[in-house]
Each structure stands twice: as C-alpha cells, then as structure tokens.
Amino acid sequence: MSVNMVAKFDKYWSEVQGPMGIAIILDPRFKSLALLMCFEKLLGTTGKECEEKVDDVKILLAQLMREYNVEVDKDTTESSTPSLGSKDDFFSYLSAHAARRRPVGTELDRYLDDDLVDIHTKNFDVLD
C-alpha cells in the first residue's frame, strides 16, 4: 500500500511543482532564491541539478506570460504628427514616443533582476 501511495505522491508532486514554483517566484520577497532553497531541501543536494529545476520553472513562467500576453492596439485616431507648438505638446509627444520604444529584456527578466523586497516590510501585500 505504501509503495502505491509513494507512486501517487511522486506523480502528483511532479505535476504541481511548476505552478507552486511560479507562486514562489512571483512573491517579490523570495523570487528564485527561495525556490532554489526549496529544491535543495527536497532533492537533498545543491548545485546544477537544483539550478536546472529553478530554470525549468522560470521557463514555464515565461511560456505562460507569452501565452497570456495581450497586444495593445495602437491608437489610430491621430493620423499625423502632432504640432509641437508648446512645451506641453513637446513633452506629451516625447512621452508617447518613449512609451512606444521596446524595453530591454522582458518584463519577467526585469522583475527577476530587481532587488528582493525586505522580508520585514510592514503591512506587506503581495498584490500591491
């Protein structure tokens, strides 16, 4: 009976570790560091094998983000370049132009490169 239970556990654990890993990565207090520590504890080892598991979860998250990415329609109501008569018009045009430029790296890359949020932050709400 215990052999069957272990087999079922292994099967279901392999199916949920990706989504559970994504949840850890999306917490800005922990990100990849906590996921790496979890894999080290679960696998009883450190090094390349654990890092590969973390990379697998990052790849899964990147695939999900690409799958659910919604392209923003460009505003076609203005057919010509706006007049740059005033200072406000110039700054509006500059802001719009800067917003159209592609950022370096993906949103996920920038998030993962950001510093961790301090674990002792008062009134921390992950949804904020």
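Where pLDDT is low, the predicted coordinates should not be read in detail.

This is a predicted model, in which local features need pLDDT of at least 70 and side-chain atom pairs count only at pLDDT 80 or more, while totals for chains, interfaces and linings use all residues. Residues are numbered from 1 along each chain as its sequence is written, and side-chain values use heavy atoms, with hydrogens and water left out.

The protein has an average pLDDT of 79, and 73% of its residues score at least 70. Its secondary structure consists of five helices and zero strands; helices (H or I, at least four residues) and strands (E, at least two) are DSSP runs, numbered from the N terminus. Two helices mark the ends of the confidence range among the elements.

| Element | Mean pLDDT |
|---|---|
| Helix 4 (residues 87–100) | 66, the lowest |
| Helix 3 | 90, the highest |

The largest nonpolar core has ten residues, including I22, F39, V57 and L108. Such a core is a set of buried Ala, Val, Leu, Ile, Met, Phe, Trp, Tyr and Cys residues joined through side-chain atoms within 4.5 Å, where buried means under 20% relative accessible area (1.4 Å probe, protein chains only). Helix 1 (2–25), helix 2 and helix 3 (48–68) each supply at least two of the core residues, and helix 3 gives the most, with five. I22 touches V57, L60, L61 and L64, leaving aside residues up to four places away in sequence. Of the 128 residues of the protein, 14% count as buried.

Methods: Buried < 20%, exposed > 50% of the residue type's maximum accessible area, 1.4 Å probe, protein only. Contact = heavy atoms within 4.5 Å. pLDDT = per-residue confidence, 0-100.
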